[in-house]
Amino acid sequence: MKQPSSKKINTSGARFGKLLRVLFFTLPAMIPMAIFWIGPIMKSGFLSFTDWDYMTPDYNFVGVENYKDVLTSSHFWAAFKHTAVFAAGTIIPTLTIGLAIALLLSKEFRGKAIYRFLVFSPWVTPTVAISIVWSWIFNPKGGFANEFLTFLGLPKSQWISSSKTALLSVIIVTVWKSIGYSCIFYLTAIDKIPEERYEAAALDGAGFWAKLRYVTLPGVSPTTFFLTIITMLDALKAYDQIQILTQGGPAGSTRTLTYLFYHLGFEQFKMGQASAVAIIIVLITVALSFTQFKLSKKWVNY
């Protein structure tokens, strides 16, 4: 009978040892993930096929009826539209202003650390606290926003009290909070651009705008892509500022997909449909994350 070689035994032992090391370092993270993330998602997936009303323990299986009702509902597509507008309105100014401030803060000047702290402080401030302060600012009667418009000689606005401007008001608050986050990432990306590229561009007679276009923007493009995906995901799950500022109104004008989930589940007690919306949000999130993973390989060797 042929005996297994010592080389094969050693290889198997090495693989088993590597597996044990991987489990040792990943299990502490996987256990809470399974309890607080994977488990609730599976439970939501199960509930999305039932007619549970959240109030009683009884429920019936309804198959894909909840998904049909959600996807054929005008409220769902209105919320989807609001989410898309909110995401676009958040991403563009957050990245543009964040990059502009990062370019300013990348220069050497006195008190730079203080300015960096001031720019980043809104991001670490709780969203609820920020939203309460901004609700006072947006008060149509005596709020600072309208006082500032009056000072500039512009007409006053109803801000969060009007369906025409409520979503814009929520976007302003979200952008103001998120600028510091994008700025910090851009500062790190700018610091990693080799100085030789700027020197070579200067020798070719490039000015500020030429350096920005041909050196800085390509150099920070991986960061721009990353921030685009992250900001889009944040817009998808935005809830706190909407709840504090508008409660999804007026007339549903700020009801995004996440707020629609809350509205269906905890206001109308249609937990089956709410769970279906939650699963759709998860699928969109997974699709965006997969897109980031695939497309980010383009810049790995930049």
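User: In which helix do Glu65 and Lys68 both lie, and how many residues apart are they?

Analyst: Please keep in mind that this is a predicted model. Glu65 and Lys68 both belong to helix H2, where a spacing of 3 residues amounts to about one turn of the helix. The two form a salt bridge whose closest N and O atoms are 3.9 Å apart.

User: How many salt bridges does the count come to?

Analyst: The count comes to 2 salt bridges.

User: What describes a pair of aromatic rings?

Analyst: Two quantities are used: the distance of the centres and the angle of the planes. In this protein the count comes to 23 aromatic pairs. One of them joins Phe49 and Tyr67, with 5.6 Å centre to centre and 45° between the planes, and is classed as tilted.

User: Which parts of the chain does the pair of Phe49 and Tyr67 tie together?

Analyst: Phe49 is in the loop between helix H1 (6-47) and helix H2 (65-71), while Tyr67 is in helix H2, so the pair links parts that are 18 residues apart in sequence. As for accessibility, Phe49 is partly exposed at 34%, and Tyr67 is buried at 16%.

User: Which residues form an aromatic cluster, and where does a charge sit over a ring?

Analyst: One aromatic cluster is formed by Trp52, Tyr54, Tyr239, Tyr259, Phe261, Tyr262, Phe266 and Phe269. Elsewhere, Lys177 places its charged end over the ring of Trp123, at 5.4 Å from the ring centre.

User: Where does Ser157 lie, and which residues is it in contact with?

Analyst: Ser157 is in the loop between helix H6 (144-151) and helix H7 (166-191). Although placed in a loop, Ser157 is buried, with a relative accessible area of 16%. Beyond its neighbours within four places in sequence, Ser157 contacts Pro140, Asn146, Leu149 and Thr165. Its C-alpha atom is 9.4 Å from that of Asn139, 18 residues away along the chain.

User: How far apart in space are Phe24 and Asp51?

Analyst: Separation in sequence and separation in space are read side by side. Phe24 and Asp51 are 27 residues apart in sequence, and their C-alpha atoms are 41 Å apart. Phe24 is part of helix H1 and is exposed, with a relative accessible area of 61%.

User: What do the totals say about the whole protein: how many helices and strands are there, and what is the radius of gyration?

Analyst: The protein has 13 helices and 0 strands. Its radius of gyration is 25 Å, whereas a compact globule of 302 residues would have a value near 19 Å. The C-alpha trace spans about 95 × 70 × 30 Å along its principal axes.

User: What share of the residues counts as buried, and what share of the contacts joins residues at least 24 apart?

Analyst: Of the 302 residues, 36% count as buried. Among contacts between residues at least 6 apart in sequence, 64% join residues at least 24 apart. The accessible surface comes to about 18700 Å², and 68% of that area belongs to carbon and sulfur atoms.

Key:
Residues numbered from 1 in each chain as written. Predicted model: local features only at pLDDT ≥ 70, side-chain atom pairs only at ≥ 80, totals over all residues. Heavy atoms only, no water. Phe/Tyr/Trp six-rings, centres within 6.5 Å; stacked < 30°, edge-to-face > 60°. Helix = DSSP H or I, 4+ residues; strand = E, 2+ residues; numbered from the N terminus. Buried < 20%, exposed > 50% of the residue type's maximum accessible area, 1.4 Å probe, protein only. Lys NZ or Arg CZ within 6 Å of the ring centre and 35° of its normal. Rg over C-alpha atoms; globule rule 2.2 N^0.38 Å. Contact = heavy atoms within 4.5 Å. Areas by Shrake-Rupley, 256 points an atom, 1.4 Å probe, with all protein chains shown as cover. Salt bridge = Lys/Arg side-chain N within 4 Å of Asp/Glu carboxyl O.
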